[in-house]
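Please keep the viewer open as you go through the points.

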Amino acid sequence: MFSKAESKKLRQQFWTSFGIVFRRKWVLYNTGIKELQLKFTFNRKFAQVSIDVLDEDPLIRAYYFEKLLSLKNILLSEYLPEAIFDEAYELPEGKIISRVYVQLDNVSIHNRNQWPEAMKFLNDNMEKMEDFFMEYKDLFR
């Protein structure tokens, strides 16, 4: 088990290493659409790349999620065949968002031996997610 301080240090080391290995400016939070974010997640259980619909208003969230659903066949066939569409994804703090994501299970940010696999997964899938988003972002405006 790791203390909070040790865990924080490992997370910082991972993300610093990731930035050094994969030097690239990611779209992430700067999508130009305030309700949508592209996101990396790596914790003690999984690595994940996602498009999140973050608006608190369920109607606005549903509006953007419907747009993502309308592109589902394209996303699955041309970009990320393993993508999961979840209209009511619950974050650890209990907040509900809509999320489209790909996930690598059974990896831990606390296990340095798994970092290369997680880094490759995050890089490859975020690149595909960004390509998809950039191609179809005008549909979200």
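**Aromatic cluster and helix packing**

One aromatic cluster is formed by Phe 14, Trp 15, Phe 18, Phe 22, Trp 26, Phe 40, Phe 42 and Trp 115. This is a predicted model, in which local features need pLDDT of at least 70, side-chain atom pairs count only at pLDDT 80 or more, and totals for chains, interfaces and linings use all residues. Residues are numbered from 1 along each chain as its sequence is written, and side-chain values use heavy atoms, with hydrogens and water left out.

**Aromatic pairs**

- A search of the whole structure turns up 16 aromatic pairs; rings of Phe, Tyr and Trp (its six-membered ring) pair if their centres lie within 6.5 Å, and planes under 30 degrees apart count as stacked, over 60 as edge-to-face and the rest as tilted.
- Phe 14 and Trp 15 make an edge-to-face pair, with 4.8 Å from centre to centre and 85 degrees between the planes.
- Trp 15 also pairs with Phe 40: the ring centres are 5.9 Å apart and the planes stand at 40 degrees, so this pair is tilted.
- Trp 15 belongs to helix H1 (residues 4-21) and Phe 40 to strand S1 (residues 36-42), so their pair ties together parts that are 25 residues apart in sequence. Helices (H or I, at least four residues) and strands (E, at least two) are DSSP runs, numbered from the N terminus.
- Phe 14 is buried at 0% relative accessibility, Phe 40 is buried at 13%, and Trp 15 is partly exposed with a relative accessible area of 30%. Buried means under 20% relative accessible area, exposed over 50% and partly exposed in between (1.4 Å probe, protein chains only).

**Where H3 meets H4**

- The axes of helix H3 (residues 72-79) and helix H4 (residues 115-136) come within 11 Å and cross at roughly 135 degrees. Axes are lines fitted to C-alpha atoms, for helices over the stretch in contact, and angles run from 0 to 180 degrees between N-to-C directions.
- That angle makes H3 oblique to H4; angles under 35 degrees count as roughly parallel, over 145 as roughly antiparallel, 65 to 115 as roughly perpendicular and the rest as oblique.
- On the H3 side, Ile 74, Leu 75 and Tyr 79 meet Lys 128, Asp 131, Phe 132, Glu 135 and Tyr 136 of H4, where contact means heavy atoms within 4.5 Å.
- By class, this contact of H3 with H4 has five nonpolar, no polar and three charged residues. Ala, Val, Leu, Ile, Met, Phe, Trp, Tyr, Cys and Pro count as nonpolar, Asp, Glu, Lys and Arg as charged, and the others, Gly among them, as polar.

**Two buried residues in helices**

- Leu 68 sits in helix H2 (residues 58-70) and is buried at 2% relative accessibility.
- Not counting residues up to four places away in sequence, Leu 68 touches Ile 51, Val 53, Phe 85, Val 100, Phe 132 and Phe 140.
- Ser 7 is part of helix H1 and is buried, with a relative accessible area of 11%.
- Ser 7 touches Phe 2 and His 110, again not counting residues up to four places away in sequence.

**An exposed loop residue**

- Asn 106 lies in the loop between strand S4 (96-105) and H4, and its relative accessible area of 69% makes it exposed.
- Although Asn 106 is not a glycine, it has a positive phi of about 60 degrees.
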